Amino acid sequence: MKNIIKLIVLLLFASRINFTNAQETKYHAWWHDSYLRETFESPNEKKLPLIKVMGNRFVDENGDTVLFRGVSISDPDKIENQGHWNKKHFEKVKELGTMIVRVPVHPIAWRERGAENYLKLLDQAVEWCTELGMYIIIDWHTIGNLGMELFQDPMYETTQKETFEFWRTIARRYAGNNTVAFYELFNEPTLYFNQLGTMSWTEWRELNEKMITLIRAYDNETIPLVAGFDWAYDLTPLLIEPVKAENIGYVTHPYPHKRTKPWEPKWEENFGFAAQKYPIIATEIGFTLGDESVDSNGEYGEAIVNYLESKGISWVWWVFDPEWHPKMFESWDTYKLTDSGKFYKAVMEGKK
């Protein structure tokens, strides 16, 4: 009898342990999940004048034309991982006379760091640029065919869903912040000689219209930028089928290797004509020929800057980094400018 009583007591004790363990079991409370909804609150969000579209121009709040001249930095994730993500880096950019900073966000970096942690870097960039009086372009830096979701290299891999979610997050985050003047929707669309499949301009236009509509649900002020085909170079489809959206701009990347000399007639035919009707930013230009020196690129530097400014086209020099090419400075230790960086600085100082 005693043995039976002991057995009953042991069973009751074991059941209590199991019940307690069940209560302590960790589980995913999925019903509490939510997307990132916080807007970046900054007391300086209206410090810089709001940029708008007026006809074929970017203008400030007084209606005065703004022609942007700027620099693209490298991906904030790269800079932070290498120990150089700080205000000093942006001060070096400002010392060159820069008006606007292009911030390229690679899909792989966005995923691996995670949206919440990546936004912390972007928040810092926005604050530093505001303090230094520079505007920002946030650029979804991918290369390939978003329609078929085929891309040039692994770092550019993304999906339509991820792209849409990126812009929904960014638009919600920076709505109302005047420093973030532009959203560059997709860095360089290309079919890579059909190695990345097919996509018509109509399909590309419709994808951009979807992104713009999504952004507008959260942010009616920041200006979306739409890239042309051929690695963001060719805007000739605008002759017959422009994007169906207001308050937007277009992007071109007229590097010297895109066409042979004489450049100007080809630039006019491929994208320059569009500046008569639409605001355009050349969000990447730079020395890509030979050893990336002034000598190797000949007249290109002065030719492209003179051509763009004669057409009222804003421009951004690529890239303020000592490793990515064409690099603008030699090392993180010295920030010594390369030929590319020296040329940009001379232009900004009015010496070219």
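1. Strand β6 (residues 143–145) pairs with β7 in the antiparallel sense over two bridges; strands count as paired if DSSP finds at least two bridges between them. Asn145 is the residue opposite Leu150 in β7. Helices (H or I, at least four residues) and strands (E, at least two) are DSSP runs, numbered from the N terminus.

2. This is a predicted model, in which local features need pLDDT of at least 70 and side-chain atom pairs count only at pLDDT 80 or more, while totals for chains, interfaces and linings use all residues. Residues are numbered from 1 along each chain as its sequence is written, and side-chain values use heavy atoms, with hydrogens and water left out.

3. Strands β6 and β7 belong to an open sheet of three strands, in the order β7-β6-β9, with mixed pairing. Its edge strands, β7 (150–151) and β9 (188–189), each pair on one side only.

4. Strand β8 (residues 180–184) is mostly covered, with five of its five residues buried (under 20% relative accessible area, 1.4 Å probe, protein chains only). Strand β5 (residues 135–140) pairs with β8 in the parallel sense over four bridges, and Ile136 has Val180 in β8 as its bridge partner. Strand β10 (residues 223–227) also runs parallel to β8, joined by three bridges; here Tyr183 has Pro224 in β10 as its bridge partner.

5. The axes of helix α5 (residues 115–132) and helix α6 (residues 160–174) come within 12 Å and cross at roughly 40 degrees. That angle makes α5 oblique to α6, the class left over once angles under 35 degrees (roughly parallel), over 145 (roughly antiparallel) and 65 to 115 (roughly perpendicular) are taken out. Axes are lines fitted to C-alpha atoms, for helices over the stretch in contact, and angles run from 0 to 180 degrees between N-to-C directions.

6. Which residues make the contact of α5 with α6? From α5 they are Leu119, Leu122, Asp123 and Val126, and from α6 Thr169, Ile170, Arg173 and Tyr174, where contact means heavy atoms within 4.5 Å. By class, five are nonpolar, one is polar and two are charged. Ala, Val, Leu, Ile, Met, Phe, Trp, Tyr, Cys and Pro count as nonpolar, Asp, Glu, Lys and Arg as charged, and the others, Gly among them, as polar.

7. In helix α11 (residues 300–310), the buried residues are Tyr300, Gly301, Ala303, Ile304, Val305, Tyr307 and Leu308. They pack against α9 (263–270), β12 (280–285), α10 (294–297), β13 (314–320) and α12 (339–348). Just after α11, Gly312 has a positive phi of about 75 degrees.

Notes. Buried means under 20% relative accessible area, exposed over 50%, partly exposed in between (1.4 Å probe, protein chains only).
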